[in-house]
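My entries follow in the order in which I made them.

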Amino acid sequence: MSIILGILAIIVVIGLSYLLSNNRKIINFKGIGIMILAQLLTTWFMFSTTIGEAIINGISAVFDKLIEFGTAGVNFILGGVMRGEGGIFFFDVLLLIIFFATILQVLTYLKILPIIIKYIGGIISKITGLPKVESFNAVNSIFFGQSEALLAVRSQFHHLTANRLYIVSASAMGSVSASIVGAYMQMLPPKYVLVALPLNMFSALIVASIIAPVKVPKEEDRVDIADVSNEKSIFEAMGNGALEGGKIALIVGTMLVAFIASLELINWIIQAVFAGVTLQQILGYILSPIGILMGIPTSEVIDAGSIMGTKIVTNEFVAMLEFQDMLGKVSEKTTGIVTVFLTSFANFSSIGIIAGTVQGIDREKGGEVSGFGLKLLLGATLASILSATIAGLFI
């Protein structure tokens, strides 16, 4: 029964995307079918084979070791600061982003990441028929945050049509940055966080390619990675990466204070009218039908829906902190589905981040992104539902 519901959920996501499409006549259904098949094979391989499990365990072990190295740096600057039994979130989770951002910047300076991203994107483009810039950006978005991913293709912005701009923006919103994956893995099961990365890459492309399909002439279909890094030495790259990581950690911490406090205020207002009711509960009931289709057990769908809704109206960190308290109280299936759903930037605040970044690159195109902002969030949310549903089929 869960498989039938999962297939129905995939059909619903594709159907809603089709209804939102700007040009149904040129949708690349062959490429979309290939990407859905790639998602199914990737998830099956990672969850259901010995080699796949070994790969996940190996990657998790690498992240654990990197977290250990990062923790050593954090402990050095904290000195004898006392931490309680639960630790201090900013110190134990957010400050680790600095170390991960440093590593990413060094790998970018050495041209290791850009080359890997370019050729993986090229393979995806060749197999699916999608343009190279969009494929490159989708892979790039696995490693870099929304702003950084868009800046990496800024030299191509002058010839991006509105539909191509939508796909690029959707990939940035539908994925997460590798610099904060370590923080996610500190809060939620690592294997589900890791499987979400390739699933979200494909889901963002699938949904965006239906909503905003494109056909690009071969002479315009190229990717330039020459200017992805301006550092003149590895030490400059380390310094810039550390500063960027510190900025991200501070931004995330600031947003958490604002969103959690605002959520408490909203709940206080709601409870003044309806005693015992919270915004999370309301969102849980609203999202429960799609939660059932995704494969979440009916007994847990209200609680799971409240977490998913919280992520959409606030951000993934707020939702992850709430869901962390539910781990062990819900089934493994719910844990996996909700974790995959949460592992993306699909929330209201991301509209402003993406529109602001594009505006900084090209003022006119920044206005275009603002114009389709809500449609962008809807597409990214559909992509998260698709990723979580496919993961649920194998849990």
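**Entry 1: V252**

I began with V252, which I found in helix 12 (residues 234-273); helices here are DSSP runs of H or I of at least four residues, strands are runs of E of at least two, and both are numbered from the N terminus. Before going on I noted that this is a predicted model, in which local features need pLDDT of at least 70 and side-chain atom pairs count only at pLDDT 80 or more, while totals for chains, interfaces and linings use all residues. I also noted that residues are numbered from 1 along each chain as its sequence is written, and that side-chain values use heavy atoms, with hydrogens and water left out.

V252 has a relative accessibility of 12% and therefore counts as buried, a word I use for under 20% relative accessible area, with exposed for over 50% and partly exposed in between (1.4 Å probe, protein chains only). Leaving aside residues up to four places away in sequence, V252 touches L94 and F317, where contact means heavy atoms within 4.5 Å. F317 is 65 residues from V252 in sequence, and their C-alpha atoms are 8.1 Å apart in space.

I looked up N315 in the loop between helix 14 and helix 15. Is N315 buried or exposed? Its relative accessibility is 5%, so N315 counts as buried. Beyond residues up to four places away in sequence, N315 touches M255, L256, F259, T310 and N347.

K111 sits in the loop between helix 5 (96-109) and helix 6 (112-128), and its relative accessible area of 29% makes K111 partly exposed.

**Entry 2: P114**

P114 belongs to helix 6 and is buried, with a relative accessible area of 5%. From P114 I took the C-alpha to C-alpha distance to I269, which is 49 Å for a separation of 155 residues in sequence.

At 0% relative accessibility I211 counts as buried, and its C-alpha atom lies 24 Å from that of G392, 181 residues apart in sequence.

L197, also found in helix 11, is buried with a relative accessible area of 14%. Its contacts, not counting residues up to four places away in sequence, are I142, V176 and V181, and the C-alpha atoms of L197 and G371, 174 residues apart along the chain, are separated by 28 Å.

**Entry 3: helix 2 against helix 11**

I then turned to the packing of helix 2 (residues 29-48) on helix 11 (residues 190-211), where the angle is about 175° and the axes are 9 Å apart; axes are lines fitted to C-alpha atoms, for helices over the stretch in contact, and angles run from 0 to 180 degrees between N-to-C directions. That angle makes helix 2 roughly antiparallel to helix 11, the label for angles over 145 degrees.

On the helix 2 side the contact includes I32, M35 and F47, and on the helix 11 side it includes Y192, L199 and F202. The residues of this contact divide into 14 nonpolar, four polar and one charged (Ala, Val, Leu, Ile, Met, Phe, Trp, Tyr, Cys and Pro count as nonpolar, Asp, Glu, Lys and Arg as charged, and the others, Gly among them, as polar).

**Entry 4: helix 16**

In helix 16 (residues 332-342) I found 10 of 11 residues buried, so that the helix is mostly covered. Among the buried residues are K333, G336 and F341, and the cover includes helix 1 (2-19), helix 11, helix 13 (279-294) and helix 19 (373-392).

**Entry 5: the whole chain**

Of the 395 residues, 53% count as buried. Among contacts between residues at least 6 apart in sequence, 77% join residues at least 24 apart.

Conventions. Parallel < 35°, antiparallel > 145°, perpendicular 65-115°, else oblique.
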